[in-house]
Amino acid sequence: VPSSIRNNLDPLRVIIREAIEDGNKGVTVDPIDGMRLPQGGGHRERVADRAEAQALIDALAEDERALWACAFYGTLRRGELRALRWFDVDFEAGVIHVVRGWDDQEGEQATKSDAGERDVPLAGVLRKLLAAHKLASGRGGDDLVFGRTETLPFTSSTVGARARKAWGWKQIPNPEPVGPRMIWTKARENALAPIVLHEARHSAASYLIEAGLTDLELMKMIGHTDPRTKKMIYGKLFPDSRGEVT
């Protein structure tokens, strides 16, 4: 998979770059500099700046806003969002306890690593949207926060389709003889550029980089273990960020 190849090479790029900068490890040339990598058939990674993120959230139906806010402002992965229960949301302490994920095949499961289990601060806008969502949904306790029912997680494709429609897009039959049967096209001139949940999480990580979090703070917030990899993956995604975590 092209994206997997690129992601696996990112740590190697960082190691080689730091070895060259150290100047004492016998490494003077980057052997993968200029390597042509597969592009993945148009797959893109992008982030939305804060103003765009807020515009995207505001355009959604009220019962969809808290979900996307948890990705944009809370760094939660899609599986973590699917598995989030109301007793994980601690309004009094001001944190979300991230302790599990939801896999399409295996169902509810523990986080994939110790680093994935973490407490995420409830930013002001996120707290407000979650409180409103809790009141409107009438759920609590061990009910799923964003489930299509109290016990069944949301379907990612359905959530994505609803969001695209809210952002001004529609599906039409694909006029080309190859490719998917249906494709997305703008339904109005001022349609918002669509984004997916993992890109919203990338956006959140980039805001943290821009805010000046240390390596340790960044790792703790996003639930990863290797700060060098995260700087490569997230720092390069946001052109207005500092690009380097101190």
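An open sheet of 3 strands, ordered E1-E2-E5, shows antiparallel pairing. Two strands count as paired if DSSP finds at least two bridges between them. Strand E1 (89–90) and strand E5 (118–121) stand at the edges, each with a single partner strand, so one side of each lacks a neighbour in the sheet. Strand E2 (residues 95–98) and E5 run antiparallel and are joined by 4 bridges. Val95 stands opposite Pro121 in E5. In a regular strand the side chains alternate between the two faces of the sheet.

The model is predicted: local features need pLDDT of at least 70, side-chain atom pairs count only at pLDDT 80 or more, and totals for chains, interfaces and linings use all residues. Residues are numbered from 1 along each chain as its sequence is written, and side-chain values use heavy atoms, with hydrogens and water left out.

The chain has 9 helices and 7 strands. Helices (H or I, at least four residues) and strands (E, at least two) are DSSP runs, numbered from the N terminus. E3 and E4 form a hairpin with 3 residues between them. Arg100 stands opposite Ala110 in E4.

Buried residues make up 40% of the 246 residues in the chain. Buried means under 20% relative accessible area, exposed over 50%, and partly exposed in between (1.4 Å probe, protein chains only). The chain exposes about 13,400 Å². Carbon and sulfur atoms supply 52% of that area. Accessible areas come from the Shrake-Rupley method with a 1.4 Å probe; for residues, only the protein chains shown count as cover. Among contacts (heavy atoms within 4.5 Å) between residues at least 6 apart in sequence, 58% join residues at least 24 apart.

Helix H7 (residues 197–211) has 15 residues. From first C-alpha to last, H7 reaches 21 Å, close to the 21 Å expected at 1.5 Å a residue. The expected span is 1.5 Å times one less than the number of residues. In H7, 12 of the 15 residues are buried, so the helix is largely enclosed by the rest of the structure. Among them are Glu199, Arg201, His202 and Tyr207. Ser203 also lies in H7. Ser203 is buried, with a relative accessible area of 0%. Not counting residues up to four places away in sequence, Ser203 touches Val47, Ala48, Phe72 and Ile195. Just after H7, Gly212 takes a positive phi of about 95°.

A search of the whole structure finds 1 aromatic pair. Trp68 and Trp167 form this edge-to-face pair, at 5.2 Å centre to centre and 75° between the planes. The pair links distant parts of the chain, 99 residues apart. Trp68 belongs to helix H3 (residues 62–74), and Trp167 to the loop between helix H6 (156–166) and strand E6 (169–173). Trp68 and Trp167 are buried. Rings of Phe, Tyr and Trp (its six-membered ring) pair if their centres lie within 6.5 Å; planes under 30 degrees apart count as stacked, over 60 as edge-to-face and the rest as tilted.

Charged groups also sit over rings. The charged end of Arg82 sits over the ring of Phe154, 5.9 Å from its centre. Lys134 lies over the face of Trp86, at 5.7 Å from the ring centre. The criterion requires NZ of Lys or CZ of Arg within 6 Å of the ring centre and within 35 degrees of the ring normal.
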